[in-house]
Amino acid sequence: WSNASPGALTAVQVQGPAVRFTLPKAETIASDWQPMKAAIGSYVLPATLSYQTTPRLAAFAYLKAEVENASALVFLAGSVQVFLDGAFVTTSSVDTIGPAEKFDLFLGTDERIRVESKPLKAKIDVAILPGLHGRMKTIDYEYLTTIENFRPSSAMITVLDQLPVAQHDEITVTQLAMEPKATEVDEEKPGVFHWVLTVPSGGKETIRLVYRVRHPVDFVIDGLRAH
């Protein structure tokens with residue numbers, strides 16, 4: 001896609017799966033073994049902007065555009081240069097996109113959305129329980145995620161977080177609190193939750209997550225969030 005003026009668009013012929021582009025004017029290609037680019041058209045595509053963040057992995061909010069191919073053309077797979085408000089932000093890639101098909105473009109981080117995830121406390125208890133387990137350790141984890149919006153307008157932000165998933169019969173994970181309740185549970189990724197928040201300009205939203213992990217004292221547990 002280019003910034004060619006609307007009056008200089010190429011002629012497009014669609015014949016079944018084949019698309020033929022005829023440039024609006026002759027182009028001179030120098031014999032210097034250097035690549036050359038020629039504008040073939042300019043298309044305005046509708047897009048919905050939103051943010052996505054996974055505070056457990058990175059304390060940043062990533063701007064995402066859900067774009068619809070509103071043209072009658074097939075866009076071939078390849079690399080794309082992404083501009084936002086006239087400024088270059090990133091290089092990405094897209095798969096082959098058919099007419100009316102929707103696709104995502106990520107536009108980089110927005111420092112005006114501040115993300116913080118921090119532990120509030122960890123309560124550790126060791127007890128002797130009846131049965132085969134013997135001495136058991138119980139740890140209560142509490143985390144608070146804060147999203148602040150310093151943009152001049154409201155922002156829709158999807159927050160992803162997760163509870164640990166036990167992979168052993170003698171390890172149990174119990175959810176104690178989730179405020180607010182998650183908007184969606186990821187069916188393909190056990191323990192992963194999505195919150196869709198609308199944060200007003202100058203506003204702040206929080207997510208509180210508390211869970212309990214119980215296991216024999218001699219177990220070494222990998223993958224738990226560190227304090």
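Residues are numbered from 1 along each chain as its sequence is written, and side-chain values use heavy atoms, with hydrogens and water left out. Because the model is predicted, local features need a pLDDT of at least 70 and side-chain atom pairs count only at pLDDT 80 or more, whereas totals for chains, interfaces and linings use all residues.

The protein chain has an average pLDDT (the predictor's confidence in each residue, from 0 to 100) of 83, and 87% of the residues score at least 70. The pLDDT is below 50 over residues 1-7, a stretch with twelve contacts (heavy atoms within 4.5 Å) in the model beyond near neighbours in sequence.

Several backbone features fall in loops. A cis peptide bond, with omega near -5°, joins Glu179 to Pro180; Pro180 is placed in the loop between strands E11 (172-179) and E12 (184-185). Trp33, although not a glycine, has a positive phi of about 60°. This residue lies between strands E2 (18-22) and E3 (47-53), in the loop, and is exposed (over 50% relative accessible area, with a 1.4 Å probe and protein chains only; buried is under 20%, and partly exposed is in between) at 86%. Ala100 likewise has a positive phi, near 70°. The loop between strands E6 (87-94) and E7 (102-109) holds Ala100, which is exposed at 52%.

Five salt bridges (a side-chain nitrogen of Lys or Arg within 4 Å of a carboxyl oxygen of Asp or Glu) are counted. Asp110, Arg112 and Arg151 are linked in a network of such bridges. Arg112 is partly exposed, at 40%, while Asp110 is buried, at 10%. Asp110 also pairs with Arg151, with the closest N and O atoms 3.9 Å apart. Asp110 lies in the loop between E7 and strand E8 (113-129) and Arg151 in the loop between strands E9 (134-149) and E10 (155-162), so the pair ties together parts 41 residues apart in sequence. Arg151 is buried, as is Asp110.

A further salt bridge joins Arg208 and Glu179 at 3.1 Å, N to O. This pair links distant parts of the chain, Arg208 in strand E14 (residues 204-216) and Glu179 in strand E11, 29 residues apart. Arg208 is partly exposed at 25%, and Glu179 is partly exposed at 44%.

Definitions and conventions. Helix = DSSP H or I, 4+ residues; strand = E, 2+ residues; numbered from the N terminus.
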